[in-house]
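Student: Could you take me through how side-chain contacts and burial are read in a model of this kind?

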Amino acid sequence: MDKGLTRRCAMLNGVVFTAAVVMIGSLSIAPSAKAEEQIESITWALPSIPDTLFIPHAWTTYGGAIMSLVQEGPLTFGDDLTLEPASADKWEQVDPTTIKYYLRSGVRFGDGSPLTGDDVAATFKYHMNPDSGSQLASFYSSVATVEATAPGEVTVKLKAPNVQFAFTAAHMAGFVFKKEQLADRNIGTPEVLPLGTGPYKLVKFDPTHEVVLEARDDYWGPKPVVKRITFQTARDRQALRLAMQSGEIDGTFDLAISDVDQWKALNNVDIVTAPSLGMYALILDHSAPPFDDIHVRRAVAYAVDREGLVKALLKGNGEAATALNPPEMWSGVLPSDEVRAFYATLPTYPFDLNKAKAELAQSSHPDGFDVTIPASNADPYMVNILQSVVENLKQIGIRASIQETDNNTWLAQYFRHEKQEKHEKFRMQIMGYYPDFADAANYPDLFFSSANAEKDRMNGSNFRNGAVDAFLKIANETSDPKARADALKGVFRIANEDVAVVPIFWPASAMAINNKYKLTGYTAFWYNVPWAIRGFGLK
């Protein structure tokens, strides 16, 4: 992966807790094409289209690919992944627990109404309200208050210093809604399309099938090159390639790396790759039998052939995971070579069916059990991973089956944190996750914090550990790299020892685009930024 991320994240972390720092500037993104290079329309395929366009209730990368063109936060990520101004033209770290955002003048929603501090404050408060059911609530757990403190000014007070919060205004958790729309229970439906201050506005939504956007002439930033973007879903991966070959679609994200050679064989397609910083892992419910037994969790961990999956599914374009974080996610905290040296000291569970059988024999379920594992059939890897895992588990006496479902159903089930019934009572899931921002505490905070072992939060394993919570508190409240590194090392030692999750692999990322077009701003955060104005145009 790109070692330049080390410099990028160091810059970000240097901003977060410097008192009275004011960040001012204009977006340093790839320029849009000239007016004469305007493109009337493109059709973009996604593996799945949400059943609602209200991000707080449909927090997915595919939803982000759509809504990042419609909505934006006070800040955004530049092409080098650093924080940059968006609807706020500057922001200020007044002290370790106070952040002010100063909104850009002339920013309007898609209906022509002006953006106000009340809209920003209402959006942040919506996520903070436990009754909202926001899947992004965890990003606001450190916030004490948020208020519009002057015209065009929003002040956030934190409960304690928090390194991660600086990024919240730039990713999907920071996408700003019009205050009045947040009170409408139908927001996100075809009848109440969300408004935003981004370069496009929604004009049509057929849930799970199609979304149509039109460029805004009154956008405050670079003029969109493409006037109309239609998002569609493809029936399956083969149908997607055929649609690309025939010219029915102009591009798509989230290619299965195992399919890249077939895509490269198409004479009208360019393949663009980037480090994903993503991870795949099995999520085992620690709160109920059989996965409350450490020996069962170890048995499952030993039964995953990570190296074989990297070869078969990623064609070597990725790495077998020995912990939750890819080494590059530690950038700005610890160099990747030191991370790898640290990972080598951790308890790990390389593929070994004999050890898996021995662990199961020591458990309270020596004769095995039945388990059904839900998986999204829109994801490029989940089902194929589980086919391998299920076969290996069968050999040690665990009778597993896969429950394929659409992406929206799979995600909703994951967030419910409900015990499964009948033969599905033994909770085991699979998760593919990509970063909200490049910080070493992002993943462990989401997946290991006790506070997130609740409905609508990401800790689906219901893993709770007081020492881990204490280490995470240090990692989140200090900006000192050594103190953060030491705390996060403590987190990962416990997590690997307890098999908090079962890491599988860290994949690369790839997209396809019709070779008459270019997209120079494709990054690991393609679902958080307005990609269609990041160097998209005719070659």
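Predicted model: local features only at pLDDT ≥ 70, side-chain atom pairs only at ≥ 80, totals over all residues.

Student: What joins Asp111 to Lys178?

Tutor: A salt bridge joins them, and the closest N and O atoms of Asp111 and Lys178 are 2.6 Å apart. Asp111 lies in the loop between β6 and α3 (117-128), while Lys178 lies in the loop between β8 and α4 (179-182), so the pair ties together parts that are 67 residues apart in sequence.

Student: How many salt bridges does a search of the whole structure find?

Tutor: The search finds 18. One of them brings together the side chains of Lys100 and Glu153, with an N to O distance of 3.2 Å. Because Lys100 belongs to strand β6 (residues 98-103) and Glu153 to strand β8 (residues 153-158), this pair ties together parts that are 53 residues apart in sequence. Lys100 is buried at a relative accessible area of 19%, and Glu153 is buried at 15%.

Student: Which strands hold Glu214 and Arg228?

Tutor: The side chains of Glu214 and Arg228 meet in a salt bridge of 2.7 Å, N to O. Glu214 lies in strand β10 (residues 210-215) and Arg228 in strand β11 (residues 226-233), so here the parts tied together are 14 residues apart in sequence. Glu214 counts as partly exposed at 28% relative accessibility, and Arg228 counts as partly exposed at 33%. Elsewhere, salt bridges that share partners join Arg237, Arg241 and Asp259 into one network.

Student: How many aromatic pairs does the structure hold?

Tutor: There are 39 aromatic pairs in the structure. To classify a pair one looks at the angle between the ring planes, and over 60 degrees counts as edge-to-face. The rings of Trp330 and Tyr343 have planes at 75° and centres 6.4 Å apart, so this pair is edge-to-face. Trp330 sits in the loop between β15 (318-320) and α9 (336-343), and Tyr343 in helix α9, so the contact ties together parts that are 13 residues apart in sequence.

Student: Are Trp330 and Tyr343 buried or exposed?

Tutor: Trp330 counts as buried at 0% relative accessibility, and Tyr343 is buried with a relative accessible area of 4%.

Conventions. Residues numbered from 1 in each chain as written. Heavy atoms only, no water. Phe/Tyr/Trp six-rings, centres within 6.5 Å; stacked < 30°, edge-to-face > 60°. Helix = DSSP H or I, 4+ residues; strand = E, 2+ residues; numbered from the N terminus. Buried < 20%, exposed > 50% of the residue type's maximum accessible area, 1.4 Å probe, protein only. Salt bridge = Lys/Arg side-chain N within 4 Å of Asp/Glu carboxyl O.
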